[in-house]
Amino acid sequence: MTRQFLVIGLGLVFATSYAVAQVGSQSGADKRRSGYQDMSEALQKMQDDDTANPGMLFVQLGGQLWAKAAGVSNKSCADCHGADATTMKGTATRYPAIPQRGDRPVDLEGRINLCRMEHQKAEPLPPENRDLLALAAFVAHQSRGLPIAPPDDPRLEAFRAQGAEIYRRRQGQLNLSCAICHDDNAGKKLAGIAIPEAHPTGYPIYRLEWQALGSLKRRLRNCLVGIRAAAWPLDSPEYTALELYLMERAKGLKLETPAVRP
């Protein structure tokens, strides 16, 4: 009898939670904010106008590289995926992911390098390389406006859990975690700039501080340096695990690539 009541009770809890979630969804109760919403009107206009958005220069370069043959195979990305890259629509919303015959997740830049090595028989491009960022921006731009949709792959759970642990872990001489800034204090001002919720909706992004396009890895590394923690090398798996968690946290938000940030 006790077990029966327990089952019934759990069922009622689940039903109530589901109903609340449905009501919240229908009423537009999602309070998450993209960093775009924390920017000034002038910067929002810069991002919205493709003729003023400096990130579009990298998207254009990526389009040229897409059509350019490379490697021993003398193949271009367009040879496999089509000249207009419409086959890439939705791809960036699903990364990081575990590739075929792989056992660890890779981010979008990692997937591009796998294609270079396996299909073009070309050397991988190093992290933050201009051509790699341009190709990533071109591919991600095909998904602009689409909701982030992380893959439902049980193999990713352990890596995502690792990313969640890193997000909440206090680090560095300042003894801060990602969560302290981007959950507990999001929306407040730090040095006159609003603290964002840290949703990765626009990467690669053009940061005015950098005067260049940069990856999420670069931004995460900047944060580590900012809290005076030891920054991992740019090819470390910790960045991919953290990105996995951040993409799950941002699930449903729309991609903006190439985004502009201060």
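For residue classes, Ala, Val, Leu, Ile, Met, Phe, Trp, Tyr, Cys and Pro count as nonpolar, Asp, Glu, Lys and Arg as charged, and the others, Gly among them, as polar. This is a predicted model, in which local features need pLDDT of at least 70, side-chain atom pairs count only at pLDDT 80 or more, and totals for chains, interfaces and linings use all residues. Residues are numbered from 1 along each chain as its sequence is written, and side-chain values use heavy atoms, without hydrogens and water.

**Exercise 1.** Describe the second largest pocket by volume, lining and residue class.

Step 1. A pocket is an open set of points on a 1 Å grid over the protein atoms alone, where a 1.4 Å probe fits, with protein on both sides within 12 Å along at least five of seven lines; lining residues have an atom within 4 Å of a point. The second largest pocket holds about 640 Å³, a volume being the space filled by probe spheres set on the points, which are joined across faces, edges and corners.

Step 2. Its lining has 30 residues, with C77, H81, R111, I112 and C115 nearest the centre.

Step 3. By class, this lining of the second largest pocket splits into 16 nonpolar, six polar and eight charged residues.

Step 4. Helices are DSSP runs (H or I, at least four residues), as are strands (E, at least two), numbered from the N terminus. α5 gives the largest share of this lining, nine residues.

**Exercise 2.** Describe the largest pocket in the same terms.

Step 1. The volume of the largest pocket is about 1200 Å³. Among its 45 lining residues, H182, P196, R207, R219 and C223 are closest to the centre.

Step 2. The lining of the largest pocket comprises 27 nonpolar, 11 polar and seven charged residues.

Step 3. α9 supplies the largest share of that lining, seven residues.
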